[in-house]
Amino acid sequence: IEAKAKATLGAALASLPAGVCTIRLSKDAEIICGAGDSFIFDISRVNLVGDHSTIRWTAAPTAGYALSFIHTADFTARYQLWRPAMSGVSIRGAIYAPLAGIGIRIGQTDATDLSGLLRFENGGIEGFATNASFEMGAWRTAFRDFHLRLNPGTAINQVPTWAAGECMVFE
């Protein structure tokens, strides 16, 4: 599924076909989002791939996060890491005065999410009060050539003291 604008991205997520698919952002695309825009990616069904693409927020997301990555399939199947959750995409908020909220939320606030085995690569995130937050069920997450810029704000936050944080990789 190709997404060229915010409306296309939202529509693609709302009407996923059966099985596993990829949402592709156009080369050098910049999608502008506002306060009412937040997107949830169930990585057991869909991933986000771009080519030097950017999703930019002009106002703090009212949901408290810009992008949320969850994983509803059984996390014990290690083969599920064969594709990245997000690749070639940068997420941006405000550069000098970070937007309130979280840029990328991994996992959820309850234990129903099995967000193990997520990989983020060739992109970055900046401009949020918390750039990346690990919620319950967030473990076995890899960041490869993925920049978490602190400007000022919190680069990484781990919310729970259990059910998250096992085997985090930063390369």
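This is a predicted model: local features need pLDDT of at least 70, side-chain atom pairs count only at pLDDT 80 or more; totals for chains, interfaces and linings use all residues.
Trainee: What about contacts along the chain, how many join residues at least 24 apart?

Mentor: If you take the contacts between residues at least 6 apart in sequence, 77% of them join residues at least 24 apart.

Trainee: OK, the helix then. Which residues of H1 are buried?

Mentor: Helix H1 covers residues 6-14, and its buried residues are Leu 9, Ala 12 and Leu 13. They cover an arc of only 95° around the axis, and therefore they sit on the same side of H1.

Trainee: What do the buried residues of H1 pack against?

Mentor: They pack against four strands, namely S1 (2-3), S2 (21-27), S4 (39-42) and S5 (46-57).

Trainee: Switching to the nonpolar core: which residues touch the most other members?

Mentor: The largest nonpolar core has 35 residues, and those touching the most other members are Phe 41, Ile 55, Trp 57, Met 86, Ile 91 and Phe 120. Strand S5 contributes the largest share of this core, with four residues.

Trainee: Let's follow Ile 55, what does Ile 55 touch?

Mentor: Leaving out residues up to four places away in sequence, Ile 55 touches Leu 9, Leu 25, Ile 31, Cys 33, Leu 48, Val 89, Ser 90, Ile 91 and Arg 92. Leu 9 in that list is one of the buried residues of H1.

Trainee: And Thr 54, is that residue buried or exposed?

Mentor: Thr 54, which lies in strand S5, counts as buried because its relative accessibility is 11%, and the cut-off for buried is under 20%. With residues up to four places away set aside, Thr 54 touches Ala 29, Glu 30, Ile 31, Ser 90 and Arg 92.

Trainee: Now the rings. How many aromatic pairs does the count come to?

Mentor: The count comes to nine aromatic pairs. One of them is formed by Phe 41 and Phe 69, which are stacked at 5.2 Å centre to centre with 15° between the planes. Phe 41 belongs to strand S4 and Phe 69 to strand S6 (residues 65-70), so this pair ties together parts that are 28 residues apart in sequence. Phe 41 counts as buried at 0% relative accessibility, and Phe 69 also counts as buried, at 0%.

Trainee: What about Phe 143 and Phe 170, how far apart are the centres of their rings?

Mentor: Their ring centres are 5.1 Å apart and their planes meet at 5°, so the pair is stacked. Phe 143 in strand S11 (residues 141-148) and Phe 170 in strand S13 (residues 169-170) are 27 residues apart, and the pair links these distant parts of the chain. Phe 143 counts as buried at 2% relative accessibility, whereas Phe 170 is partly exposed at 48%.

Trainee: Which residues do the ring pairs link into a cluster?

Mentor: The cluster consists of Phe 41, Phe 69, Phe 120, Phe 134, Phe 143, Phe 146 and Phe 170.

Trainee: Phe 134 again, so which residue is the bridge partner of Phe 134?

Mentor: Phe 134 in S10 is the bridge partner of Ile 106. Strand S8 (residues 99-106) and S10 run parallel and are joined by five bridges. S10 itself (residues 128-134) is mostly covered, with six of its seven residues buried.

Notes:
Residues are numbered from 1 along each chain as its sequence is written. Side-chain values use heavy atoms; hydrogens and water are left out. Contact means heavy atoms within 4.5 Å. Buried means under 20% relative accessible area, exposed over 50%, partly exposed in between (1.4 Å probe, protein chains only). Helices (H or I, at least four residues) and strands (E, at least two) are DSSP runs, numbered from the N terminus. The arc is that of the directions from the helix axis to the C-beta atoms. Two strands pair if DSSP finds at least two bridges between them. A nonpolar core is a set of buried Ala, Val, Leu, Ile, Met, Phe, Trp, Tyr and Cys residues joined through side-chain atoms within 4.5 Å. Rings of Phe, Tyr and Trp (its six-membered ring) pair if their centres lie within 6.5 Å; planes under 30 degrees apart count as stacked, over 60 as edge-to-face and the rest as tilted.
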